[in-house]
Number of protein chains: 2
Amino acid sequence: MKYWNKRLQKMTEYIPGEQPDNLNEFIKLNTNENPFPPSPAVLDALQKACNGDLRRYPNPNAQMVRELFAKKNSIAADNVFVANGSDEIFTLLFRGFIEPDGIAAFPYPSYALYYTMAEANGIAYDKITLDDNFDIPFDEFLKKKYNLVIIANPNNPTGKGVPIDQIKKFCSKFIGLLVVDEAYVDFYNETALPLIKEFDNIVITRSFSKSYSLAGLRVGLAIAQKDIIHGFIKLKDSYNVDRIAQAGAYAALLDDKGFKYSISMVRNNKEYLEESLEELGFQNVPSKANFVFTKHPNIDSKTIYEKLKENKILVRYFAGPIQSEYIRITVGTMMEIKKLIKVLSEIIPD
Amino acid sequence: MKYWNKRLQKMTEYIPGEQPDNLNEFIKLNTNENPFPPSPAVLDALQKACNGDLRRYPNPNAQMVRELFAKKNSIAADNVFVANGSDEIFTLLFRGFIEPDGIAAFPYPSYALYYTMAEANGIAYDKITLDDNFDIPFDEFLKKKYNLVIIANPNNPTGKGVPIDQIKKFCSKFIGLLVVDEAYVDFYNETALPLIKEFDNIVITRSFSKSYSLAGLRVGLAIAQKDIIHGFIKLKDSYNVDRIAQAGAYAALLDDKGFKYSISMVRNNKEYLEESLEELGFQNVPSKANFVFTKHPNIDSKTIYEKLKENKILVRYFAGPIQSEYIRITVGTMMEIKKLIKVLSEIIPD
């Protein structure tokens, strides 16, 4: 670590969900990917983008994607930033929208990447523990002068959603920048997006990884007032989103029919997963996302995780307080869910 | 700029080369893209990667690309980092490999992105002016205790190359980290890559944008000793290179025949461009890259740039000392070069 600076030496390494080399032998319900492929229209547009124009740099701001998303949401293209996955948005937030001696705050448990990225950028932060119902104790976030708060809505790994009027109320009192990570919003259907017209201190982030089945493509969006979006564009790498990813995101936004079909399939399967888990005695947290956070009274979660893995089924187990009592299971195809439930029924003690 | 931190407010915005909306009406010789499309084998591999697997996250470290590049260069996969364009490598360097109060140094003129990215990350730097032959005055870089030095070899915008023994000599004396940006190295054929076995303070960067005709795909590489590469991987976003880009880079590394063909075509056209410019009285800087830095004794460069633009030909004009005396012309197809030379012959006063 001779040439690493102190910040890099100190930071915790983020470990994404397991991706074993022999992935195809596994049922993979650990990283909240969509179980259904991108729509044929999207795959077709992607293939067409694989042409000689790749010798040229992409549009630096993914202008066509900005414009289409803006049009669909009755906002301006200047309100939209297109990123190389929403990871890029989070890292830019820490680099450009909080002073190096500022302080951030995040709920706990939530998406661990927020904590890692704050560390990677040398930003101090507090973790505010969710209340006993896994709801966000907004008042706690007002007790200090936080400069930046990131919440996920629905939250990950709990799957719980925050009503928009609570976010609105918080925004009007909060002096810092509030980021609402809406990676799972399409499964929820309540969005804070309209609040950007009212407040200059809110940033909404979106992802094509989950509802659009494009985790492999890396496209995320930030939506906010123009001044904030201009800051993202100034700070980002010159050509952050490649030509093919831009074409895929554009096609995905166009294909409403394919999108709605995929969402309704996932919702249907989620209901089935939740009911089947309940029948086995699991205690589910009510989920607004495409995963279920759940525990069983008779067997600890780490054991469930390990036994499932022995049976070639991957779910997510998180170490740490609260989280370690649960496992997080991504909604899969019907066949995957049935296999999971069968194996679980053999694991659960009578 | 209410929520921008001071660093973001202060930084200079990087302006990439012009990309007018009506691009297809222009001959575009301003951003050093390859005039030839990616090889059929690469386009085929890209199209095949546009499949249902896109619903899944990519390999976080682009492991197959690392391994293939390592094998071809007789190094280990642990010596290779795959990035979302080499831009990502530069920003990670400033974030993780120099203390916030450290100081960097870059030649001038060189790739302006180094200066922008240092600013974006709050890193102070010196610009060391090239000597009268546009060679790097290495001794000047030893006069202060610089923590990080980035040189481009061949240099951009001059096109001049540094012999590897000079880099080796510098490396052995320099106490900081030396980064050699080899974006244009395939047109040069002298690489500092073997030096990574000898020195722990050198990082080589490569790009698929130029010689591989994949500017639209965004893939760059860093090659260094394992400890440095581990730092890059720790600091980068979880999934920085998408599935399709990984597939394209892998196919490009496999297709030696297509690669060599493209390089020889570009070299051939460069010779023709250089000779044709000389015949018109231009004074070329001897170029090792796929562009020519040139000026004419009878007409100032800004006028040439503007008149070419009126004729729908884009070349690069840079404001600032030294640079503004020249224009930079990317090597195009034979037809593009012939059109350029015809227009130039009409612009040049007798």
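Predicted model: local features only at pLDDT ≥ 70, side-chain atom pairs only at ≥ 80, totals over all residues.
Let's start with the pair as a whole. Chain A can be superposed on chain B by a rotation of 180° with 0.0 Å of shift along the axis, and the RMSD is 0.0 Å. The two copies are therefore related as by a two-fold rotation axis. How do the copies meet? They do so through the same surface, because 100% of the interface residues of chain A are also interface residues in chain B.

Now move into chain B and trace its sheet. The sheet is open and has seven strands, in the order S2-S8-S7-S6-S5-S3-S4, with mixed pairing. At its edges you will find strand S2 (80-83) and strand S4 (124-129) of chain B, each of which pairs on one side only. Neighbouring strands of this sheet are turned against each other by 20° on average, direction ignored. Strands of a sheet pair through backbone hydrogen bonds, in either the parallel or the antiparallel sense. An antiparallel example is the pairing of strand S7 (residues 202-207) of chain B with strand S8 (residues 220-223) of chain B, joined by four bridges. Within that pairing, B:Arg206 has B:Leu221 in S8(B) as its bridge partner.

For parallel pairing, switch to chain A and stop at strand S6 (residues 177-181). Strand S5 (residues 148-152) of chain A runs parallel to S6(A), and five bridges join them. S6(A) also pairs in the parallel sense with strand S7 (residues 202-207) of chain A, over four bridges. A:Asp181 is a handy landmark here: A:Asp181 is the bridge partner of A:Ala152, and A:Asp181 also stands opposite A:Thr205 in S7(A). Together with helix H6 (residues 164-173) of chain A, S5(A) and S6(A) make a right-handed β-α-β unit.

Where do the side chains of this strand go? In a regular strand, side chains alternate between the two faces of the sheet. In S6(A), A:Leu177, A:Val179 and A:Asp181 point one way, while A:Leu178 and A:Val180 point the other way, and all are buried. Since five of the five residues of S6(A) are buried, the strand is largely enclosed by the rest of the structure.

Back in chain B, have a look at the helices that lie across the sheet. Helix H6 (residues 164-173) of chain B lies across S5, S6 and S7 of that chain and runs at about 160° to S6(B). Helix H7 (residues 226-235) of chain B lies across S2, S6, S7 and S8 of chain B, at about 30° to S2(B).

The buried residues of H3(B) are B:Val65, B:Arg66, B:Leu68, B:Phe69 and B:Ala70. Their cover includes S2, S7, S8, H7 and helix H8 (243-254) of chain B. After H3(B) comes B:Ser74, with a positive phi near 50°.

We finish with a helix pair in chain B. The axes of helix H9 (residues 256-279) and helix H11 (residues 334-347) of chain B come within 10 Å and cross at roughly 10°. That angle makes H9(B) roughly parallel to H11(B). Among the residues making this contact are B:Tyr272 and B:Leu273 of H9(B) and B:Ile337 and B:Ile341 of H11(B).

Conventions
Residues numbered from 1 in each chain as written. Chains lettered and ligands numbered in written order. Heavy atoms only, no water. Buried < 20%, exposed > 50% of the residue type's maximum accessible area, 1.4 Å probe, protein only. Helix = DSSP H or I, 4+ residues; strand = E, 2+ residues; numbered from the N terminus. Pairing = 2+ DSSP bridges. Right-handed = clockwise from strand over helix to strand, strands pointing away. Least-squares fit on C-alpha atoms with pLDDT ≥ 70 in both. Contact = heavy atoms within 4.5 Å. Axes fitted to C-alpha atoms, helices over the stretch in contact; angles between N-to-C directions. Parallel < 35°, antiparallel > 145°, perpendicular 65-115°, else oblique.
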